[in-house]
Amino acid sequence: MKNLINVQHLEKSYKNKKVIHDLSFQVAKGEILCFLGPNGAGKSTTINILTGALGFDSGKIDYCGQSIHKNLGGFKRKLGVVPQDLAVYEDLSGKQNVEFFASLYGLKGDKLRRQSHEALAFTGLLEKSEDKVDTYSGGMKRRLNIACAIAHQPDLLIMDEPTVGIDPQSRNHILSSIKKLRDRGMTILYTTHYMEEVEEISTRIIIMDKGELVASGTKERLKESIENEKQYWIDIENPERISADLFYQIEGVKAVIIEGKKIGVTSLKGIENLDRIITVLINIAAKIKGISCESASLETVFLDLTGKSLRD
């Protein structure tokens, strides 16, 4: 596929603290590229730079072979942005919101009304389009955010955690809509804290940590990269006794996370060490409620590469 965006050696610092370091990647036309990373990985900074809302210290960003800064206005007209925080006017109707944001991209008259109508229909909001937004549910507001971002029919849609805090039905509607947009030829750059969303919609994944790219590829390719590993999940009744450091002395253990009352231990296949893991827990009087073993998953890949769970 032809590259729509090419990012080369991007650097960004805040108050002498480097938050993006030598970041290079491409966004191919027609793909859904998902960005993953723990809090502080640099995802939001990267997104803000790509939207033109934030400057950077050094590096280069090309859109269709041309630096975005040579024609920033033209680049922004090709761009749709769904921010993490809702960006709608609650005292206006859904229709008024979409038409207002679409007008900022130069749409007028019949074209403005037609494409706004199409965006509202696409996001399932047509029947409520005359209602004020303050009467909408959280999920409806999230969908309206998307309608406002796509009414001008952008080539590239950037979505920064668009499903935070919504009900499962609205989340499923949004994920289904994203795949439909891609089928129509739109390119989508997507960040999320939900691994199941990445499993469902991604055509390619970039994993960031501490401002750097640590891995990229399809979900299948990333899983293959750690096919020699397995992950134990152990349910504990009293997790306050547990420290991840207790397990790193065990042969074969590569990574450990503690999530509530669950412990995830990533270990090399071929090394039978479950008995030693259990012994560690017994020695500190931990109460084991259940144990399961899984092969490589995206969560395992993420843990292996960053040493953290996605929601850390």
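Axes here are lines fitted to C-alpha atoms, for helices over the stretch in contact, and angles run from 0 to 180 degrees between N-to-C directions.

**Ground rules.** I'm working on a predicted model, where local features need pLDDT of at least 70, side-chain atom pairs count only at pLDDT 80 or more, and totals for chains, interfaces and linings use all residues. Residues are numbered from 1 along each chain as its sequence is written, and side-chain values use heavy atoms, with hydrogens and water left out.

**Whole chain.** I looked up the secondary structure and got 10 helices and 14 strands. Helices (H or I, at least four residues) and strands (E, at least two) are DSSP runs, numbered from the N terminus. Along the principal axes, the C-alpha atoms fill a box of roughly 75 × 45 × 40 Å. Of the 312 residues, 50% count as buried; buried means under 20% relative accessible area, exposed over 50%, partly exposed in between (1.4 Å probe, protein chains only). I also checked contacts (heavy atoms within 4.5 Å). Among those with a separation of 6 or more, 70% come from residues 24 or more positions apart.

**Helix α5, with α3.** Two packed helices are described by the angle between their axes and the distance between the axes. For α3 (residues 94-103) against α5, I noted an angle of about 30° and axes 8 Å apart. The crossing is right-handed; the rule is left-handed if the near helix is turned anticlockwise from the far one by less than a right angle, and right-handed if clockwise. From α3, Gly94, Asn97, Val98 and Phe101 make the contact, meeting Leu144, Ala147 and Cys148 of α5. I sorted these residues into five nonpolar, two polar and no charged. For the classes, Ala, Val, Leu, Ile, Met, Phe, Trp, Tyr, Cys and Pro count as nonpolar, Asp, Glu, Lys and Arg as charged, and the others, Gly among them, as polar.

**Helix α5, with α4.** Next I took α4 (residues 109-122) and α5 (residues 138-150), whose axes come within 9 Å and cross at roughly 145°. This crossing is right-handed. Ala119, Leu120 and Phe122 of α4 touch Leu144, Ala147 and Ile150 of α5. By class I got six nonpolar, no polar and no charged.

**Largest pocket.** Its volume is about 260 Å³. A pocket is an open set of points on a 1 Å grid over the protein atoms alone, where a 1.4 Å probe fits, with protein on both sides within 12 Å along at least five of seven lines; lining residues have an atom within 4 Å of a point. Grid points are joined across faces, edges and corners, and the volume is the space filled by probe spheres set on the points. Of the 13 lining residues, Ile150, Gln153, Leu181, Arg184 and Met186 are the closest to the centre. α4 gives the most to the lining, with four residues. The lining splits into seven nonpolar, three polar and three charged residues.

Lys210 has one of about 55°, in the loop between β9 (204-209) and β10 (212-217), and Lys210 is exposed at 62% relative accessible area. Ala285 has a positive phi of about 60°; I found Ala285 in the loop between α9 (274-283) and β14 (288-294), partly exposed at 43%.

**Ser297.** This one lies in the loop between β14 and α10 (298-306). Ser297 is buried, with a relative accessible area of 18%. I checked its C-alpha against that of Gln231, 66 residues apart along the chain, and got 8.9 Å.
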